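Good morning, everyone, and thank you for making time for this short talk.

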Amino acid sequence: MKEQILLFGCDLMSANALIAAAQGLGVSAVRVERSLYNRPIGTLMQVSQARSLYARAPYIGPELEVPMAVLCGFANNGRLDAVVEGLNATGAKVVKCILTPDNARWNIITLQRELRKEQEAIAAAGPDTSNSSN
């Protein structure tokens, strides 16, 4: 699987900055149209073919709560770190996550909902004091 970044819910200026940063690191990045948000993320790896893969009605719901960047095909953690640093350097406010075999079947709406649930569960659990030196 080739390294690729799928951008969801990004305004044009942020998307252009993220795409330029990714290209500077030799990674393909593409802004996904809102009409494709109901497609499984794994099928969007090749966005140009996504419409022909699924004959679903286009997504007409609201925009995402926060912009997201789904990083696909990164097998090397050092490479992943460099790409995340490059994306962060743009100043664009975007939630970054990794495509996995499990979430590849989800659409971006489901992925954002699941990430929000995880964040809420972590926040509710309170700070982790297991590594404290006290």
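Which residues touch the most other members of the largest nonpolar core? Before I answer, please note that this is a predicted model, in which local features need pLDDT of at least 70 and side-chain atom pairs count only at pLDDT 80 or more, while totals for chains, interfaces and linings use all residues. Residues are numbered from 1 along each chain as its sequence is written, and side-chain values use heavy atoms, with hydrogens and water left out.

The residues in question are Leu6, Phe8, Val70 and Ile108, in a core of 18 residues. By a nonpolar core I mean a set of buried Ala, Val, Leu, Ile, Met, Phe, Trp, Tyr and Cys residues joined through side-chain atoms within 4.5 Å, where buried means under 20% relative accessible area with a 1.4 Å probe, protein chains only. At least two residues of this core come from each of β1, β3 and α4, helices being DSSP runs of H or I with at least four residues and strands runs of E with at least two. The most is given by β3, with three residues.

If we turn to Phe8, and leave aside neighbours within four places in sequence, its contacts (heavy atoms within 4.5 Å) include Val32, Tyr37, Val70 and Ile108. A second, separate core has 17 residues, among them Ile5 and Ala92.

Finally, the strands form an open sheet of four, in the order β2-β1-β3-β4 and with mixed pairing, where two strands pair if DSSP finds at least two bridges between them. The edge strands, β2 (28-31) and β4 (95-98), each pair on one side only.

Definitions and conventions: Buried < 20%, exposed > 50% of the residue type's maximum accessible area, 1.4 Å probe, protein only.
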